[in-house]
Amino acid sequence: MPLIIFVVVLALALSHAFEPDHIVTLRLMKSRRDYAVFGLSHGIGFALIALPLVIILSIIPELELIGNIIGLGFSAILLYGEIVGKEFEFNVSKSLGSGILQGAFAITPSKIIVAVLASEVGFLLGSIYIILFVIVSSLGIFLVGFLLSYINVKKDLSRMINICIAIVTIIYILLSILKI
């Protein structure tokens, strides 16, 4: 059974790296260092909140809205910047802060599942699951940012992709808020 859960945690971590709010945030960054800092700080943010997450959400389920609002904010910044032609760039200090914010407060199904799995198997094995999720998703986020950096070859194409990413993310988050 632990091997199956291990594989599930790995799959969740990989899919987590490709979530729309991460892609939007990565599109606001320009360097590999920023991608790495964001990925690592995002993992740290999740690790700081992972174990108490199940308890907190059972008491105050409205906290999920905070994560959605943060994702909407980053999406709106990307969309606005592309529409008006103003480039917003997140440097290391901003990628550190945004990574921790999104890691701690952007509550996604993959994070909830990992937190639940971790809380059900005890502290030691649960900690291993959380650490595995953090490492794999942080590396995945970095790789997504690295791959997205190659989309910037043509400015017009990059702009259209960013607008599409922002719109899809806004719709995704709004549907999540509305529970549709």
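Hi everyone, let's start with Thr25, which touches Phe38, Phe74, Ser98 and Gln102, leaving aside residues up to four places away in sequence; contact here means heavy atoms within 4.5 Å. Before going on, please note that this is a predicted model, where local features need pLDDT of at least 70, side-chain atom pairs count only at pLDDT 80 or more, and totals for chains, interfaces and linings use all residues. Residues are numbered from 1 along each chain as its sequence is written, and side-chain values use heavy atoms, with hydrogens and water left out.

Is Thr25 buried or exposed? Thr25 is buried, because its relative accessible area is 0%, and buried means under 20% (1.4 Å probe, protein chains only). Thr25 sits in helix α2, residues 20–27; helices are DSSP runs of H or I, at least four residues, numbered from the N terminus.

Now to helix α7, residues 123–148, which holds Ser127. Ser127 is also buried, at 16% relative accessible area. In sequence, Ser127 and Ala50 are 77 residues apart, yet in space they are 9.4 Å apart, C-alpha to C-alpha.

How do the two helices meet? Their axes, α2 and α7, come within 10 Å and cross at roughly 50°; axes are lines fitted to C-alpha atoms over the stretch in contact, with angles from 0 to 180 degrees between N-to-C directions. That makes α2 oblique to α7, since angles under 35 degrees count as roughly parallel, over 145 as roughly antiparallel, 65 to 115 as roughly perpendicular and the rest as oblique. From α2, the contact uses His22, Ile23, Leu26 and Arg27, and from α7, Ile141, Val144, Gly145 and Leu148.

Terms used
Buried means under 20% relative accessible area, exposed over 50%, partly exposed in between (1.4 Å probe, protein chains only).
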